[in-house]
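Here's a quick briefing to read alongside the sequence and the 3D view. Take a look at the structure, then work through the notes below.

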Amino acid sequence: MHYTLDEIRRIPNLLSQLNEFDFSFSKEKKYLFVGCGSSYNIGFIMKEILNKNGYKAKVLTGGHIMLFDDIPDSEVAILITRTGESTETVLAAKKLSQKGMKTIGITSSNNSSITQQCEENIILDFAEEKSVVMTGSFVFILAMLLNGIEKNGYYNFSEKILEDSEKIIDQLALEKYEHFVFLGYDENYGISKEGALKLQEMALQYVEYHEPLEYRHGPISTLTNKTLVILNSKGMKEEKELIDDIEGLGGKVLLISTDGHIKIPNMKGFEAPLRIIPIQYLGYKKAIQMGYNPDSPKNLSKSVKLGG
Ligand code: F1P
């Protein structure tokens, strides 16, 4: 048994603790999300959903803030780092507080560098992970932040989605696929970026992510019968036509939607944390099929420390 599987399977348990957190966003404030890797992807998904719901949010990588001075005029910076140690995010926190921004750190590590730099901290130590790749903690942080806009009962759906994901993905002949393409719009584009990262980090696969209709505008040229396309769909008829095109060219589509292979409720974008569950499990399963250890992927460390 790998830690990664354990950390994916405990997602429903993490989500059952959501009510203990009372974070909330204000329409009067401008927010800036900052992070690296998966933590940046949480920020990307959050800014999409916040902006759609009448809030004001931007996202930048820790590296961008560290290197450049074109800092947005936001009032509150939310710095996400699971380990609390990614150099770029920690330096960004320092730079943003020096500019007078309120800084809120979100981490699952106690006593980490980010907590020393931020004015306020949300420390989710019960969600700390042993494996290098971020899984359950990603889902929890995203759900906790989304609950700051409106409360949703993620826990109620999560067990079934986890069970369905395992059942459906276990039935895929994963050894056939060596190219993974993730498609989705808006917050689902962020989910696609994160899905691609999971397959790349854990299973060292060739990955891509695009908006669905953009896929025909060039990227489809590398589609073969070894390509698995993971479509996080909003159920539009144009997306259904795209599936026909992909399958007509020999590719296989795994559809994640209200009526897909893996069924996710329509919560107007707020279902984002639930859409992450199948893609994390897919990354884990492909790593196992390749004979890799998903807990400690090649070339990666739990956090990137520059100059260290
Ligand atoms: C950020 C991160 C991880 C990635 C890798 C390197 O870590 O980019 O998302 O999987 O392990 O670090 P953190 O700042 O969230 O701790």
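Lys268 is placed in the loop between β10 (262–263) and α11 (272–290); helices (H or I, at least four residues) and strands (E, at least two) are DSSP runs, numbered from the N terminus. This is a predicted model, where local features need pLDDT of at least 70, side-chain atom pairs count only at pLDDT 80 or more, and totals for chains, interfaces and linings use all residues. Residues are numbered from 1 along each chain as its sequence is written, and side-chain values use heavy atoms, with hydrogens and water left out.

**Loop residues with positive phi**

- Lys268 isn't a glycine, yet its phi is positive, near 55 degrees.
- Lys268 counts as exposed because its relative accessibility is 75%; exposed means over 50% relative accessible area, buried under 20%, and partly exposed in between (1.4 Å probe, protein chains only).
- Asp186 sits in the loop between β6 (179–183) and α9 (187–203).
- Asp186 isn't a glycine either, and has a positive phi of about 55 degrees.
- With a relative accessible area of 29%, Asp186 is partly exposed.

**Around the ligand**

- There are 13 residues around the ligand, and Ser39, Thr81, Thr83, Ser86 and Glu201 come nearest; a residue counts as near if one of its heavy atoms lies within 4 Å of the molecule.
- A polar side-chain atom of Ser39 is 2.6 Å from an oxygen atom of the ligand.
- For Ser86, a polar side-chain atom lies 2.5 Å from a ligand oxygen atom.
- Glu201 also has a polar side-chain atom 2.5 Å from an oxygen atom of the ligand.
- On its own the ligand has 390 Å² of accessible area, and the protein covers 94% of that (Shrake-Rupley method, 1.4 Å probe).
- Helix α3 (residues 37–52) gives the most to the shell around the ligand: three residues.
- Sorted by class, that shell has three nonpolar, seven polar and three charged residues; Ala, Val, Leu, Ile, Met, Phe, Trp, Tyr, Cys and Pro count as nonpolar, Asp, Glu, Lys and Arg as charged, and the others, Gly among them, as polar.

**Lys30**

- You'll find Lys30 in strand β1 (residues 30–35).
- Lys30 counts as partly exposed, because its relative accessibility is 28%.
- How far apart are Lys30 and Leu145 in sequence and in space? They are 115 residues apart along the sequence and 15 Å apart in space, C-alpha to C-alpha.

Methods:
Polar contact = N/O pair within 3.5 Å; in protein donor to acceptor, adjacent residues only side chain to side chain.
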